[in-house]
Amino acid sequence: MATCSPYLLRQIDVTGQGDRVPGRRRRETLLETTRGISQFRGQWLEWRGHKLMATYHPAYLLRNPNAKGEVWKDLQKVMAELGLQPAKKPKSS
């Protein structure tokens, strides 16, 4: 990580992709923490002027499908921040 983190930081600065939810390695590098995701999942984090939403990785959801509701709540917070509304379920006929 020490070798690659300068590249990661430059990439985020250039692309503006700091608004994405970081994975474990990125989280450890960007936020300089080894705390587990469950300690701040669902919370807004600030990094270099970017707001980050901590949530579970999709691979985690494949192993733990019961956590999908928690991630949906996180994504709803992100959508609200962006001024978006979640799609409504189509009504059955």
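**A buried aspartate and its salt-bridge network**

Asp 74 counts as buried, because its relative accessibility is 1% (buried, under 20% relative accessible area; exposed, over 50%; partly exposed, in between; 1.4 Å probe, protein chains only). The model is predicted: local features need pLDDT of at least 70, side-chain atom pairs count only at pLDDT 80 or more, and totals for chains, interfaces and linings use all residues. Residues are numbered from 1 along each chain as its sequence is written, and side-chain values use heavy atoms, with hydrogens and water left out.

The chain holds four helices and two strands. Both kinds of element are DSSP runs numbered from the N terminus, helices being H or I with at least four residues and strands E with at least two. Their order from the N terminus is α-α-β-β-α-α. The chain has 93 residues, of which 27% count as buried. Among contacts with a separation of 6 or more, 35% come from residues 24 or more positions apart. Contact here means heavy atoms within 4.5 Å.

Asp 74 is part of helix α4. This helix covers residues 68-81. Its 14 residues should span 20 Å at 1.5 Å a residue, and its end C-alpha atoms are 20 Å apart, which agrees. The expected span is 1.5 Å times one less than the number of residues. Val 71, Asp 74 and Met 79 are buried in α4. Viewed down the axis of α4, the buried residues fall within an arc of 145°, so they line one face of the helix. The arc is that of the directions from the helix axis to the C-beta atoms. An α-helix has 3.6 residues a turn, so residues three or four places apart point the same way. Lys 73 and Ala 80 lie on the other side of α4 and are exposed. The buried residues of α4 pack against β2 (50-53) and α3 (58-63). After α4 comes Gly 83, with a positive phi near 75°.

Strand β1 comprises residues 44-47, and its side chains alternate. Leu 45 and Trp 47 point to one face and are buried. Strands β1 and β2 run antiparallel and are joined by four bridges. Two strands pair if DSSP finds at least two bridges between them. The bridge partner of Trp 47 in β2 is His 50. Two residues lie between the strands of this hairpin, where Arg 48 takes a positive phi near 50°.

The surroundings of Asp 74 were then examined. Neighbours within four places in sequence aside, Asp 74 is in contact with Arg 41, Gly 42, Met 53, Ala 54 and Thr 55. Its side chain makes a polar contact of 2.5 Å with the side chain of Arg 41. Another polar contact, also given as 2.5 Å, joins the side chains of Asp 74 and Thr 55. A polar contact is a pair of N or O atoms within 3.5 Å; within protein, one must be able to donate a hydrogen and the other to accept it, and residues adjacent in sequence count only if both atoms are side-chain atoms.

Three salt bridges are counted, each defined as a side-chain nitrogen of Lys or Arg within 4 Å of a carboxyl oxygen of Asp or Glu. Side chains of opposite charge can pair when their charged atoms come close. Arg 41 forms a salt bridge with Glu 70, with the closest N and O atoms 3.2 Å apart. Arg 41 lies in the loop between α2 (24-30) and β1 and Glu 70 in helix α4, so the pair ties together parts 29 residues apart in sequence. Glu 70 is partly exposed, at 31% relative accessibility. Arg 41 is also partly exposed, at 21%.

Arg 41 meets Asp 74 in a salt bridge as well (2.5 Å, N to O). This pair links distant parts of the chain, helix α4 and the loop between α2 and β1, 33 residues apart. Glu 81 and Lys 51 meet in a salt bridge of 3.1 Å, N to O. Here Glu 81 of helix α4 is linked to Lys 51 of strand β2, 30 residues apart. Glu 81 is partly exposed, with a relative accessible area of 43%. Lys 51 is partly exposed too, at 32%. Salt bridges that share partners join Arg 41, Glu 70 and Asp 74 into one network.
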